[in-house]
Amino acid sequence: MKYLFNIIIVVLLSYVLISCSSNNKDSRNALLYWCSNNTDEIKFAKINTDEWNKNNPNDQVKYQPVPEGRSSEEIILAAVVGKTTPDIYSNMWQGDVEAYAQAGVLVALDTLKGFLDFLYERCDSVVIEEIKSLDGHIYQIPWKINPIMLIYNINFINDLELTSPPKIYSEFFDASKKFQKDFDGDGYIDRWFGYSEVEVTWWQRFFDFYPLYLAASGGAPLVKNNQVAFNNEYAIEVFSFLQEMYKKNYFSKEKLSARQDVFLAGVTATRFTGPWEIAHAEKFKPKGFEYEYTFMPVPDGHQGPVYTYGDPKNIVIFKTCKYPQSAWNYIKTMIDRESDLKLLEITNQLPRRKNLSSDTFFNDYFTNNPKMKIFADQSVYVKGTDASPVLKEIFDLISQQYEACVVYGEKTPEEAINDAADAVNLLFLE
Amino acid sequence: MINKKKILPYLLVSPYLVHFMLFVAFPVGFSIVLTFHKWNIISPMEFTGLNNYIRLFNDKTFIRSISNTLIFLVIHIPLQIIVALFLAEILNQKIKLRGAFRGAFFLPVIVSGVVVTILWQQLYGYDTGLLNRLLTGIGIGKIGWLTDPNIAMASIAVMATWKNVGLYIVLFLVGLQTVPTQYYEAADLEGANHLQKFFRITLPMINPTIFMVVILSTIGGFSLFIEPYIMTGGGPLNSTMSAVLYIYKQGFFYYHMGYAATLGLFFAFIILAVVMIQKKFIEKDH
């Protein structure tokens with residue numbers, strides 16, 4: 001009897017194990033793709049995966065918005081630590097890739113069949129150089145960008161009797177001086193020409209120092225091959241410019257973002273922001289409110305194109321993926337011309353592809369969305385981030401000096417940039 | 001045959017023992033091991049010997065964060081004791097609506113720290129804050145409550161006092177009610193005034209409560225985190241960067257887990273030392 005009981009147990013266990021194993025086989029066949037959790041990108045992911053699954057019944061892809069958390073970066077990190085990463089992830093901040101690449105959790109995409117040919121067809125060689133890791137491999141696919149530009153209130157610019165928004169620092173100072181106002185006569189400014197968060201949080205510098213630095217320097221790197229590259233006259237000029245803006249009260253030191261949108265409320269005339277502001281402005285702008293975008297301001301005498309930060313989000317394949325070639329085949333359909341048009345139409349975010357603004361394929365979209373055309377024109381002169389596993393720390397160290405120099409005037413721009421460079425060099429030595 | 005009587009005690013303590021091993025002993029042990037390593041969670045741990053300890057003693061921001069925490073304690077603890085004792089003394093009298101006042105003072109204690117912090121952030125706003133509107137209304141200039149590096153920590157200490165004072169009022173009330181009334185009656189017969197009674201009878205009698213409040217405030221103050229994290233992010237110019245906030249930043253922002261563990265361990269010893277010193281002083285006085 002006992003013998004029979006043991007046999008039944010063994011048979012049952014074997015059945016359970018075989019069942020589990022066959023289930024695993026099924027789930028392995030379906031690639032898991034995490035997209036961003038904003039509504040438009042979920043819609044985009046759904047359309048793409050539905051189409052792919054219809055045409056590839058033996059190579060299914062399951063899309064899923066990145067699980068909810070404080071930030072998608074933290075979720076991805078938790079997934080990497082827990083080895084529960086998806087096969088494909090499409091919202092990777094370019095600055096995070098190097099750390100993951102060095103940790104060995106990403107697939108070197110340049111080893112996949114057809115990858116480089118496709119990439120060179122889609123992107124400029126400059127962009128491809130930018131996304132290369134320090135080991136020479138490519139671990140990310142440039143997907144989309146949201147360039148930071150200067151949004152301005154057209155009515156205010158007209159009120160100041162300017163023919164165009166200020167383009168260089170001296171024009172910015174003049175316009176700021178004219179625009180600044182103390183309405184109630186209490187000795188405190190109530191209206192500022194511009195606004196930027198004074199918070200020391202590292203990524204806040206994506207909206208002031210970094211795009212201004214790229215604009216001033218013609219797209220120079222902050223760091224290169226684990227060496228500081230930002231201790232130059234451009235960084236000093238940007239710190240001087242912003243320091244002056246705060247010193248003269250042309251920018252508010254108050255955290256204005258805690259109240260209603262200061263740009264739409266007419267409390268500021270300009271702001272450094274991206275194309276996402278368009279949908280927001282169209283929804284909430286008061287009657288008669290007119291706005292436009294232009295390049296980031298540059299130092300007087302600047303020559304050449306005006307670069308800016310593109311806030312790139314890229315696609316990666318994690319090493320937990322059993323079928324990287326299949327994953328790449330799927331990604332190719334996500335970033336071809338047709339899908340890039342869909343990306344524009346559904347999400348109003350720019351694909352990072354060459355000749356975007358001149359490619360007639362996208363003409364209709366840009367004709368219907370003229371403000372996005374400005375960003376498309378800018379996209380030629382957009383930079384992402386440098387390859388470094390400690391990029392957040394670098395931005396944080398710059399941000400601390402930014403606060404001391406620009407906001408509080410405790411240091412000269414030269415001292416602040418030197419101190420930031422010394423601190424970053426120490427970081428590289430560790 | 002196993003003696004059931006011998007096993008039973010172990011069985012009874014085993015839930016706590018398992019909990020202790022999993023959530024106290026193992027994390028503490030692991031943290032100590034981490035202090036000798038470099039680890040960013042995603043890459044394998046790398047043994048670095050005493051590097052983290054050497055770095056700690058050369059880390060100006062950490063030293064600043066400890067001095068900030070001490071500044072906070074120096075402002076917060078006396079303020080907390082004075083305000084709590086003053087209010088407890090009043091609420092110990094037979095005043096109208098005493099119950100309602102006691103409830104009102106305790107209310108901030110049960111409100112979420114995040115909510116209180118956001119509320120005070122609005123009050124402290126430079127251009128739009130209610131406090132500055134009030135000050136400009138009466139002809140006094142605006143104050144950078146959270147933007148002036150010289151007073152930002154004091155502003156946080158005042159807010160923390162407001163948030164926690166209710167708890168200490170309750171403790172002092174308990175202490176005050178344990179003072180025998182005969183002492184006050186005898187003092188009345190001797191012609192002592194209210195202040196004399198307070199300093200000669202009340203204070204010495206509630207010394208154990210004061211000791212407890214000092215210890216609790218110190219430990220609470222050392223763990224200062226939510227307020228600077230939400231209100232200032234440690235700024236301006238690192239003036240509100242508390243030690244715990246800095247450790248958190250190293251651990252969960254930079255993912256310098258080994259270094260964060262080293263800072264945490266070092267900071268735990270500082271807290272232990274401060275509490276031991278306090279204990280010695282107060283016991284000596286007692």
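**Reading the model**

Biologist: Is A:Gly104 buried or exposed?

Modeller: A:Gly104 is exposed, because 11 other C-beta atoms lie within 10 Å. The count uses C-beta atoms placed from the backbone: 20 or more others within 10 Å make a residue buried, 12 or fewer exposed, and numbers in between partly exposed. This is a predicted model, in which local features need pLDDT of at least 70 and side-chain atom pairs count only at pLDDT 80 or more, while totals for chains, interfaces and linings use all residues. Residues are numbered from 1 along each chain as its sequence is written, and chains are lettered from A and ligands numbered from 1 in the order in which they are written.

Biologist: Where in chain A is A:Gly104 placed?

Modeller: A:Gly104 belongs to the loop between α4 (94-102) and α5 (115-122) of chain A. Helices (H or I, at least four residues) and strands (E, at least two) are DSSP runs, numbered from the N terminus. The C-alpha atom of A:Gly104 is separated by 7.8 Å from that of A:Lys319, although the two residues are 215 apart along the chain.

Biologist: How should I read a sheet, and what is the strand order in the six-stranded sheet of chain A?

Modeller: Begin with the pairs: two strands pair if DSSP finds at least two bridges between them. In chain A, six strands form an open sheet in the order β2-β1-β3-β11-β4-β12, with mixed pairing. Its edge strands, β2 (61-65) and β12 (350-351), each pair on one side only. Two helices pack on this sheet. Helix α2 (residues 39-55) of chain A touches β1 (31-35) and β2, and its direction makes about 170° with that of β2(A). Helix α12 (residues 324-334) of chain A touches β1, β2, β3, β4 and β11, with about 150° between its direction and that of β11(A). Such angles run from 0 to 180 degrees between N-to-C directions, the axes being lines fitted to C-alpha atoms, for helices over the stretch in contact.

Biologist: Which strands pair with β11(A)?

Modeller: Strand β3 (residues 88-93) of chain A pairs with β11(A) in the antiparallel sense over four bridges, and A:Trp93 stands opposite A:Lys313. Strand β4 (residues 141-145) of chain A is also antiparallel to β11(A), joined by three bridges. There A:Ile141 faces A:Ile315, and A:Lys144 has A:Lys313 as its bridge partner.

Biologist: How many residues of β11(A) are buried?

Modeller: In a regular strand, side chains alternate between the two faces of the sheet. In β11(A) (residues 313-317), five of the five residues are buried. A:Lys313, A:Ile315 and A:Ile317 point one way, A:Asn314 and A:Val316 the other.

Biologist: Why does each of β8 and β9 of chain A have one side without a neighbour in its sheet?

Modeller: These strands belong to an open antiparallel sheet of three strands, ordered β8-β5-β9. β8 (270-273) and β9 (291-294) stand at its edges with a single partner strand each, so one side of each lacks a neighbour in the sheet. The twist averages 30° from one strand to the next. Four bridges join β5 (residues 149-153) of chain A to β9(A), where A:Ile151 stands opposite A:Tyr293.

Biologist: How do the axes of α4(B) and α7(B) cross?

Modeller: The axes of α4 (residues 98-110) and α7 (residues 152-177) of chain B come within 7 Å and cross at roughly 120°. That makes α4(B) oblique to α7(B); angles under 35 degrees count as roughly parallel, over 145 as roughly antiparallel, 65 to 115 as roughly perpendicular and the rest as oblique. Contacts (C-beta atoms, placed from the backbone, within 7 Å) involve B:Phe105 and B:Phe106, among others, in α4(B), and residues including B:Trp162 and B:Leu167 in α7(B).

Biologist: How many residues of chain B are in contact with chain A?

Modeller: 16 residues of chain B are in contact with 23 residues of chain A.

Biologist: Which backbone features of chain B deserve a look?

Modeller: A cis peptide bond joins B:Gly235 and B:Pro236, with omega about -10°. B:Pro236 lies in the loop between α11 (226-231) and α12 (243-253) of chain B. B:Asn238, found in the loop between α11 and α12 of chain B, has a positive phi near 65° without being a glycine. B:Asn238 is buried, because 21 other C-beta atoms lie within 10 Å. B:Ile41, also not a glycine, has a positive phi of about 75°. B:Ile41 is in the loop between β1 (37-38) and β2 (46-47) of chain B and counts as partly exposed, with 15 C-beta neighbours inside 10 Å.
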